[in-house]
Amino acid sequence: MVSGRLSRCRLTFGLIAVLLFISSLIGCGGGGPRIVKVSGMVLVDGQPLNLPQGVQAFIQFVPTGARAASGEIDPTTGRFTLTTATPGDGCVVGQHKVAVIIRAMVGTESVSLIDERYAKPETSGITVQIDGPTDNLQIHISGPLKNLPPGAIQPSSEDPGIM
């Protein structure tokens, strides 16, 4: 009897070991949507974004049914890198609506330097398909950028949510 139980325990242990080995080969995939590294450049009328000092710019990618990704746009080069969960991890694979936010503090008011439609993914008219990692994605917007009076730009917050 003890021998029979011992055999069943060995069999059960063996099956568990085999299942663990197979699952380690297959992998769990994290259970969520696949995230790929994405970076690129924002172009205004075909030219890389070039903003005055003190102006902040952000980009947001919004997929259907998954977490959005965002990133700060370098004001002098137009380059951005997306983040979903950890810095620079990218965005989920699939179709995205895109928002571009370029704002400056003028006195006590936050002013958009581009057409306000770009600030919301639902109204920007920009969609992109992300199928895999990329470091040369181009996002095109139309200008012109609004001119601000010299000295009008105030230091701004690094939090895009308060602009």
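Arg103 counts as buried, at 12% relative accessibility (buried means under 20% relative accessible area, exposed over 50%, partly exposed in between, with a 1.4 Å probe and protein chains only). The model is predicted: local features need pLDDT of at least 70, side-chain atom pairs count only at pLDDT 80 or more, and totals for chains, interfaces and linings use all residues. Residues are numbered from 1 along each chain as its sequence is written, and side-chain values use heavy atoms, with hydrogens and water left out.

Arg103 lies in strand S8 (strands, E, are DSSP runs of at least two residues, numbered from the N terminus). The search of the whole structure returned 2 salt bridges (a side-chain nitrogen of Lys or Arg within 4 Å of a carboxyl oxygen of Asp or Glu). Arg103 takes part in one of them. Its side chain meets that of Glu116, with an N to O distance of 3.3 Å. This pair links distant parts of the chain. Strand S8 spans residues 94-106, whereas Glu116 sits in the loop between strand S9 (109-112) and strand S10 (126-130). Glu116 is partly exposed, at 44% relative accessibility.

The side chains of Arg103 and Glu116 also make a polar contact at 3.3 Å (a pair of N or O atoms within 3.5 Å; within protein, one must be able to donate a hydrogen and the other to accept it, and residues adjacent in sequence count only if both atoms are side-chain atoms).

Arg117 and Asp115 form a salt bridge as well, their closest N and O atoms 3.1 Å apart. Arg117 is partly exposed, at 35% relative accessibility. Asp115 is partly exposed, with a relative accessible area of 39%.

Terms used: Helix = DSSP H or I, 4+ residues; strand = E, 2+ residues; numbered from the N terminus.
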